[in-house]
Amino acid sequence: MLLLTGLVGNSEHHHCRGTPEETTMNNATALPATSAPKAGRGLHIGLWIAQALLAAAFLMSGGMKLTAPLEALQAQMPWVSGAMGALVRFIGAAEVAGALGLLLPSLTRIAPRLTVLAAIGLGVIMVLASITHASRGEFPMIGANVVLGGVAAFIAWGRSSRAPIAPRG
């Protein structure tokens with residue numbers, strides 16, 4: 001299967017010969033179907049903005065869960081109960097790690113595929129948060145989880161297939 005790009009001129013005689021990788025056509029350029037189109041500059045910029053905003057959101061949220069007294073967290077987040085102290089701290093640590101993972105591997109270009117894993121991990125956290133809120137009847141809270149999870153999915157998709165960042169070296 002071939003993807004045709006760059007059609008110009010009239011549609012006269014188009015003769016294909018050779019293997020799909022060697023295909024030549026009059027007035028057209030053929031690419032193997034496995035070639036992903038190059039991402040534009042706009043997609044790269046959009047992904048960087050999404051990464052920065054999502055990282056900021058999770059750094060603030062995770063940092064609060066890690067450092068605030070549990071009593072203060074209980075007043076702000078109804079799902080936090082006395083028995084959930086260790087879980088709240090773990091969630092905070094996972095959110096901070098995910099936020100750092102969204103930025104540092106891509107910025108340093110050291111194992112930039114970790115950015116994809118961080119985005120997937122934050123998406124999983126948002127799915128689990130949605131389930132927790134739904135089980136408690138806190139349906140208005142789910143909207144934020146859906147938005148944050150959607151941004152994480154966009155980053156995972158973009159950095160894994162459409163606009164990956166090349167590793168150093």
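Ile120 is part of helix H4, which covers residues 113-135. The model described here is predicted. Its secondary structure amounts to five helices and two strands, and along the sequence these follow the pattern β-β-α-α-α-α-α. The protein has 169 residues, of which 31% count as buried.

- Ile120 has a relative accessible area of 43%, and residues qualify for a patch with over 30% and no salt bridge.
- Because its value lies between the limits of 20% for buried and 50% for exposed, Ile120 is classed as partly exposed.
- Ile120 contributes to a nonpolar surface patch of about 640 Å².

**Helix H3 and Glu95**
- Glu95 lies in helix H3, which spans residues 85-108.
- The relative accessible area of Glu95 is 2%, so this residue counts as buried, the limit being under 20%.
- From Glu95, the side chain reaches the backbone nitrogen of Gly62 at a distance of 3.2 Å.

**Aromatic rings**
- The ring of Trp48 has the charged end of Arg159 sitting over it.
- The distance from that charged end of Arg159 to the centre of the Trp48 ring is 5.1 Å.
- One aromatic pair is found when the whole structure is searched.
- Such a pair of rings is described by the distance between the centres and the angle between the planes.

Key
Residues numbered from 1 in each chain as written. Predicted model: local features only at pLDDT ≥ 70, side-chain atom pairs only at ≥ 80, totals over all residues. Heavy atoms only, no water. Phe/Tyr/Trp six-rings, centres within 6.5 Å; stacked < 30°, edge-to-face > 60°. Lys NZ or Arg CZ within 6 Å of the ring centre and 35° of its normal. Patch = residues over 30% accessible without salt bridge, like charges linked within 9 Å, V, L, I, M, F, W, Y side chains within 5 Å. Areas by Shrake-Rupley, 256 points an atom, 1.4 Å probe, with all protein chains shown as cover. Salt bridge = Lys/Arg side-chain N within 4 Å of Asp/Glu carboxyl O. Helix = DSSP H or I, 4+ residues; strand = E, 2+ residues; numbered from the N terminus. Buried < 20%, exposed > 50% of the residue type's maximum accessible area, 1.4 Å probe, protein only. Polar contact = N/O pair within 3.5 Å; in protein donor to acceptor, adjacent residues only side chain to side chain.
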